Amino acid sequence: MRIDKFLWCVRLFKTRSLATQALKSDQVKLNERLVKASTDVKAGDVVALREPPVWRSWEITAFPASRVGAKLVPAFIAERTSFSDLEKLELARLVKAQHRVVGTGRPTKRDRRDMDRFQGE
């Protein structure tokens, strides 16, 4: 199976074209090598995706016939990212959320509740 199709099938990307773009922009590695979208994958290969500031990695255990539901994904890939890297990723997300300029983007659940209280609902 092609790597771009596999990444889409196991829900690491929302669309196959987004998977292809990530491969073209060197955000995906297969067995520690940058690859093209047409590269075939096999069971036992390790796929790594760049999620700044870390590379998240998964081991391929099986192949789906087509795109699978989120609950079925663990049957096809196993997370191999170290715990320390996952902590770094979570810390980066928290820092980014704290520095969000109020009033930009979609309101958070807390913002929406504050607006509802202000309007008297």
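Strand β1 (residues 28–30) is joined to strand β3 by three bridges, and the two run antiparallel. Strands here are DSSP runs of E with at least two residues, and helices are runs of H or I with at least four residues, numbered from the N terminus. Two strands count as paired if DSSP finds at least two bridges between them.

The model is predicted, so local features need pLDDT of at least 70 and side-chain atom pairs count only at pLDDT 80 or more, while totals for chains, interfaces and linings use all residues. Residues are numbered from 1 along each chain as its sequence is written, and side-chain values use heavy atoms, with hydrogens and water left out.

On the β4 side, β3 (residues 46–51) is joined to β4 by six bridges, again in antiparallel fashion. The two strands form a hairpin, with two residues between them. V46 is bridged to E59 of β4.

Together, five strands make an open sheet in the order β2-β1-β3-β4-β5, with antiparallel pairing. Its edge strands, β2 (33–34) and β5, each pair on one side only.

Strand β4 (residues 54–60) is largely enclosed by the rest of the structure, because five of its seven residues are buried. Buried means under 20% relative accessible area, with a 1.4 Å probe and protein chains only. Helix α3 (residues 83–98) lies across β3, β4 and β5, at about 130 degrees to β4. Such angles run from 0 to 180 degrees between N-to-C directions, with axes fitted to C-alpha atoms, for helices over the stretch in contact; contact means heavy atoms within 4.5 Å.

Technical notes:
Buried < 20%, exposed > 50% of the residue type's maximum accessible area, 1.4 Å probe, protein only.
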